[in-house]
Amino acid sequence: MAADLSQLVKAYDVRGVVPDQWDEPLAELFGAAFVQVTGASAIAIGHDMRPSSPGLSRAFARGAAAQGVDVTEIGLCSTDQLYYASGALNLPGAMFTASHNPAQYNGIKMCRAGAAPVGQDTGLAQIRELAERWSDSGAPQPAATQGTITQRDTLEDYAAHLRSLVDLTSIRPLKVVVDAGNGMGGHTVPTVFEGLPLTLVPMYFELDGTFPNHEANPLDPANIVDLQKRVRDESADLGIAFDGDADRCFVVDENGAPVSPSAITALVASRELAKHGGKGTVIHNLITSWSVPEVVKENGGTPVRTRVGHSFIKAEMAKTGAIFGGEHSAHYYFADFWNADTGMLAALHVLAALGGQDGPLSSLVAQYDRYAGSGEINSTVADQAGRLAAIKAAYEAREGVELDELDGLTVTAVDWWFNVRPSNTEPLLRLNTEARDEATMAKVRDEALAIIRG
């Protein structure tokens, strides 16, 4: 296997095709590198339902234990359940998952003790360098005393912790359809929802890393069609879809209409601010709706805008002492969950908000969904920098328009804004547009796309 791991080690995690790009011997080297970089004496490891996950995670455990580190294997879990273990046990952690990617992929999401992220600037680059070096020269010398590998089930404790953060005991009874996409939501939802006043209609709860029903990526509209139909057929109050490792959740209302993740961010932000006496900082990335900072201010909070990506959100939460953070990709971050992202906790907030009043979800979220948005539109381009420069040249002299380059290029006017940012891993530019009405949004979107694709 080539010792250049640049295609495998991404900005925030390890992700690639098994066994073409990585395998168990390389996972063992990653385990040794992880404990060297973190300086850990003990770690926690979890894995999803992909066919390759148990073998890869056990190989990582062997690599860590050979360096004298004690390993706690929590087995099958969601990514936020691994973050729970990292926080509650105060251990660095590694989660084996490729989230919503197809079955042949696998990956590792790593964190330091307390679920603090490990990204390119916080240890991942060094882990890659060590793994590359050892791929050429052979594994590092084992420690004089090997570490132990033990098993621990954290599912009940994880569920109890989540339920302690959101009180659902007094809500009106709700009927909820959950599409787990054959991913880890099928493992966690029954335990988290147990004993709550909810009638659960499960879809695709069988753990199957080949994803026989649809991709476990609810941001793609094609993957929530089954959920939308089932919500209408069951006359349910709402539907919830989880991605493969169940760290993101996507919501549809009683009519089967998708609820914008920005509206969910605003709803949960208002609840978190109420819990903190109407004070606190809320983080939102720069492609979330204008609704989010507006709602935060209306509820007494301070909105802080960041770049897209969980490492930026988590860093800003730690820096500002924020109580909550949300991204338009349906990642939701909570101070009382070690600043980590958990789709399950966001789902519980939605259920509590809906069950705490008498109206339907569509009416509840209308107050948080105020503008017309394009969603994210990807364009393949040969020259990302050149296209960004062309957009900047087209707009920078216009009156009443502001430009900023916090993440790609954001162009803002009084009635609209758009952001164009390059993909880290593909020759793509990603466009997000929002305006005060649908016609304006379409006009701005089409004008920007013409330059991007020109």
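## Ground rules

Residue numbers start at 1 in each chain, following the sequence as written. Because this is a predicted model, local features need pLDDT of at least 70 and side-chain atom pairs count only at pLDDT 80 or more, while totals for chains, interfaces and linings use all residues; side-chain values use heavy atoms, with hydrogens and water left out.

## Overall build

The protein chain has 14 helices and 23 strands (DSSP runs numbered from the N terminus: H or I of at least four residues for helices, E of at least two for strands). Its radius of gyration is 22 Å, close to the 22 Å from the globule rule for 454 residues, so the chain is as compact as a globular protein of that length. That radius is taken over C-alpha atoms, and the rule is 2.2 Å times the number of residues to the power 0.38. Along the principal axes, the C-alpha atoms fill a box of roughly 65 × 55 × 45 Å.

Buried residues account for 56% of the 454 (buried means under 20% relative accessible area, exposed over 50%, partly exposed in between, with a 1.4 Å probe and protein chains only). Take the contacts (heavy atoms within 4.5 Å) between residues at least 6 apart in sequence: 68% join residues at least 24 apart.

## Two cores

A nonpolar core here is a set of buried Ala, Val, Leu, Ile, Met, Phe, Trp, Tyr and Cys residues joined through side-chain atoms within 4.5 Å. The largest one has 72 residues, and Phe 193 and Leu 351 touch the most other members. Helix α11 (residues 343–355) gives the largest share of this core, ten residues.

Leaving aside neighbours within four places in sequence, Leu 351 has contacts that include Leu 168, Ile 171, Phe 193 and Ile 240. Apart from this core lies another, of 34 residues, with Leu 5, Val 14, Ala 59 and Val 69 among them.

## The second largest pocket

A pocket is an open set of points on a 1 Å grid over the protein atoms alone, where a 1.4 Å probe fits, with protein on both sides within 12 Å along at least five of seven lines; lining residues have an atom within 4 Å of a point. The second largest pocket is lined by 14 residues, with His 284, Trp 290, Pro 293, Arg 305 and Trp 417 nearest its centre. Elements giving two or more residues to the lining are β13 (281–285), α9 (291–298) and β21 (409–412); α9 has the largest share, three residues.

## His 310

His 310 sits in helix α10 (residues 310–320). The residue is buried, at a relative accessible area of 18%. Beyond its neighbours within four places in sequence, His 310 is in contact with Tyr 12, Pro 117, Glu 327 and Tyr 333.
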